[in-house]
Amino acid sequence: MAAKEIAVGSSSFSGGDPCPICLGPILQESYLDTCFHKFCFRCIKQWIKVVSSKVSKPLSSVKCPLCFLADVFDVPRFWKLKKLLQRNRWLESWLRRELQALMQEEDVDIVLHHLVGVMDSFCKRTEQRHKQETRSAEAFQEQFKSVIAEAGRPFLMARTDRFVDELELFLASGLNMEAYDAVYKQRLDWNNSREVGVSNEAIEEENRRTRATPNLFLFEEDSV
Ligand SMILES: [Zn+2]
Ligand SMILES: [Zn+2]
């Protein structure tokens, strides 16, 4: 949703939910006029400033940070539109880094190529049955995740399920690594907010461990 202007509520202090940007009590409760997610006036103003300066967009097309994040990690839409079949060209670099971290090993080529091969043939099979496709988006998603989990489990063991969830998030975001990292961090910071997309226990756990100061990140929306 895009906003035309910032509306400022009547109360200068709201006793309700904290501001999703600064995580403090909301000062001068404000919202963009399209979605009514609430922020401090100063925080949302800063967000808009960053957005408009980076993407030179008119205020009318600026999304509130929560709506923006929910869009980026719209996993159900990703599966519904079968976006998996559009190859993400950052996939291999992302996989390499993830595998290196999870396996604590520098050379992950074999596992990486194995996983990419499994994904490619899954996509190929899906393309071939294109016309006779009867699977629901949920079944499609479930099959993909179990195929990847099976391929990765011998190497990733207990970390497999978490890996598959993160792979799904990365693919659903359609972002490059840099942008993904920025948004992912922000998602952790804003995890308290019920509005933000998917729940994931591993991420919640990480969030508890590494609560960081939220920052405003932005990138070209066209890359989304
Ligand atoms: Zn704030
Ligand atoms: Zn919003």
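**Close-up views of a predicted model**

**View 1. Helix H7, residues 160-173.** At 1.5 Å a residue, the 14 residues of H7 should span 20 Å, and the end C-alpha atoms are 20 Å apart, which agrees. The expected span is 1.5 Å times one less than the number of residues; helices (H or I, at least four residues) and strands (E, at least two) are DSSP runs, numbered from the N terminus. Eleven of the 14 residues of H7 are buried, where buried means under 20% relative accessible area, exposed over 50% and partly exposed in between (1.4 Å probe, protein chains only). Among the buried residues are Phe163, Leu167 and Leu171, together with Glu166 and Glu168. Gly174 follows H7 and has a positive phi, near 65°.

This is a predicted model: local features need pLDDT of at least 70, side-chain atom pairs count only at pLDDT 80 or more, and totals for chains, interfaces and linings use all residues. Residues are numbered from 1 along each chain as its sequence is written, chains are lettered from A and ligands numbered from 1 in the order in which they are written, and side-chain values use heavy atoms, with hydrogens and water left out.

**View 2. The largest nonpolar core.** This core has 58 residues, and Leu84, Leu99, Phe144, Phe163, Leu167 and Leu171 have the most contacts inside it. A nonpolar core is a set of buried Ala, Val, Leu, Ile, Met, Phe, Trp, Tyr and Cys residues joined through side-chain atoms within 4.5 Å. H5 gives the largest share of the core, eight residues. Domain 1 (6-72 + 175-214 + 217-221) and domain 2 (77-173) both contribute residues, so the core lies between them; the domain bounds come from an automatic or database domain assignment.

**View 3. Surroundings of Leu84.** Beyond neighbours within four places in sequence, Leu84 is in contact (heavy atoms within 4.5 Å) with residues including Phe78, Trp79, Phe140, Phe144 and Leu171.

**View 4. Ile6 in strand S1.** Ile6 lies in S1, residues 6-8, and is partly exposed at a relative accessible area of 23%. Ser30 is 24 residues away in sequence, yet its C-alpha is 6.6 Å from that of Ile6. Outside four places in sequence, the contacts of Ile6 include Ser30, Tyr31, Phe41 and Ile48.

**View 5. Confidence along the chain.** The mean pLDDT (the predictor's confidence in each residue, from 0 to 100) is 78, and 74% of residues reach 70 or more. Confidence is highest in H6 (residues 137-156), at a mean of 96, and lowest in H9 (residues 201-209), at 46.
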